[in-house]
Amino acid sequence: MKRHLLALAIAIPLALAGCGRDNPNATLDTRDAAKDTSGSATPGDFGPPQGEPINAILTSPPLVPPATGRTAPAKVVVNLEVKEVDMEMSEGVTYTFWTFGGTVPGSFIRVRQGDTVEFHLNNHPDSKMPHNIDLHGVTGPGGGAASTFTAPGHSSQFTFKALNAGLYVYHCATAPVGMHVANGMYGLILVEPPEGLPAVDKEFYVMQGDFYTTSKYREKGHAPFDMQRAIDENPTYVLFNGSESALTGDNALKANVGESVRMYVGNGGPNLISSFHVIGEIFDKVWFEGGTKYQENVQTTLIPAGGAAITEFRTEVPGSYVLVDHSLFRAFNKGALAIMKVEGEPNLEIYSGKEVDSTYLGDKAASLAPVADAAAAFAAGTLTKEDQVKAGEALFAGTCSTCHQPDGKGMAGVFPPLAGSDYLAKGNEALVNVVLNGLSGPVTVNGQDYNSVMPPMSQLTDDEVANILTYVKNSWGNGGGQVTKEEVARVRAGTERSEGAAH
Ligand SMILES: [Cu+2]
């Protein structure tokens, strides 16, 4: 950070003198300059488009189109297709997303201030709904919504001049508007200032959204939209780029040590505001609210629903950096978590080492593919004990292992062992009861006394509990056996949840 403090020290006197491009309050503020050069009465209008029309390069998240690299206003043609598609929002959980360009968030659009944008909105013939688009970067009725109402199999066109530089959200505004947005109909449009943005090594496109389903978090199968939960602002999922796996595992964002990283971060909502944070990094700069001014040395930046921010930092040491909404139950219990893997040489003076990923991230670090496989096998009626054991192993990591330890041996005097535990002889009903309703007070395991508290873990679904316990019974020399989803459902229905426990 020293480098940046130095830059700040230089920037302050310049700012006080009222000049200099290092003034953080002037960097993107190009509208006055535009007024001077264009002679036009409308700020940001640099005159008619020059040269041949250009087809805009649109990218799917997390990719960002290249800088426009232009020095004169152009006519830019944008062709955006609306598609309603079934995609995975979590392992083994599908959702019918309504999209701009086939992805959530929609395609990234990049133009330059002063450009004339000819916008074509095409609604795929397979769509069931009409849609339109409201771009926050448009000056005019509805941000374009008034001109783009488009039935399935139709196309609409309108033209606007991008008068204001900044990072803007676009979204569908067809009634019921909240539902269209909740189904994933949002994206970002960057209007570059005339001189462009400073070059960086990596640019990424990340957008948060909240999702409302009639099924529980991670309950396998197709998840239908739940209007009442949406009205109650009580999301089942809070996701970056529309899926728990969009930016984790093999899909993690990648950078190298010593690179400058810029993230265009949006929040589609429809309801929640995001406390956007990268665990283990400090934003050197944040263009808060996607606007003209930047703040420096920021830990967490607030991104309103229907708003955006540009964040920049330099990577200093290798490791996994975790993007979260710092409203932490959203990160660890609703999916608002993404990973940026930074590779390169360690720098022990800046950070000493010791990777703590697995316990901190729990099952987010592990692949949940076996869980989805087990769910598919269950649906097909072919679920075996082996499927359950594999799924249970993935779920045990980070759910039970934090206390009972990955090897099941527990911790002397605090957490009783599951490995070789004589408690398992009490039978399936007793074990399910412990997981759903917790356990407290004196208990003796293998002749050792414990008097501690295990919290109820009733947020787990019936098949998750069944798989975890089947894994426990078949591991570490325990006697084997199987716990079924139906057994768990029976105990859940037959016992009262303690106050404060999940369902
Ligand atoms: Cu729509």
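The model is predicted. Its copper ion is held by H131, C172, H180 and M185, and M185 lies in the loop between α3 and β9. Strand β9 belongs to an open sheet with the order β4-β9-β8-β6.

**Copper site**

- The donor atoms of the copper ion are ND1 of H131, SG of C172, ND1 of H180 and SD of M185, at 2.0 to 2.5 Å.
- The angles among these four donor atoms run from 87 to 137 degrees, and the site is irregular.
- Along the chain, the donors are spaced as H-x40-C-x7-H-x4-M.
- H131 and M185 link distant parts of the chain, being 54 residues apart. H131 is in the loop between β5 (116-123) and β6 (134-135), whereas M185 is in the loop between α3 (177-182) and β9.
- H131 counts as buried because its relative accessibility is 0%. M185 is likewise buried, with a relative accessible area of 0%.

**Sheet and strand pairing**

- Strand β4 (residues 109-112) runs parallel to β9, and four bridges connect the two. Within this pairing, R112 has E192 of β9 as its bridge partner.
- Strand β8 (residues 166-171) is antiparallel to β9, with six bridges between them. Y170 is bridged to G187 of β9, and L167 to L190 of β9.

**Burial of strand β9**

- Strand β9 spans residues 186-192, and seven of its seven residues are buried.
- In a regular strand, side chains alternate between the two faces of the sheet. In β9, one side carries Y186, L188, L190 and E192, and the other carries G187, I189 and V191. Both faces are covered, since each of these residues falls under 20% relative accessible area.

- E487 is located in helix α12, which covers residues 485-494.
- Although E487 is buried, it has no salt bridge.
- Apart from neighbours within four places in sequence, E487 is in contact with N428 and Q482.

Notes
Residues are numbered from 1 along each chain as its sequence is written. This is a predicted model: local features need pLDDT of at least 70, side-chain atom pairs count only at pLDDT 80 or more; totals for chains, interfaces and linings use all residues. Side-chain values use heavy atoms; hydrogens and water are left out. Buried means under 20% relative accessible area, exposed over 50%, partly exposed in between (1.4 Å probe, protein chains only). Lys and Arg count as positive and Asp and Glu as negative; His and the chain ends are not counted. A salt bridge is a side-chain nitrogen of Lys or Arg within 4 Å of a carboxyl oxygen of Asp or Glu. Contact means heavy atoms within 4.5 Å. Two strands pair if DSSP finds at least two bridges between them. Donors are N, O and S atoms within 2.8 Å of the metal (3.2 Å for Na, K and Ca); water is not among the atoms, so sites may look incomplete. Four donors count as tetrahedral if all angles lie between 85 and 135 degrees; four count as square planar and six as octahedral if opposite donors are over 155 degrees apart and all others between 65 and 115; anything else is irregular.
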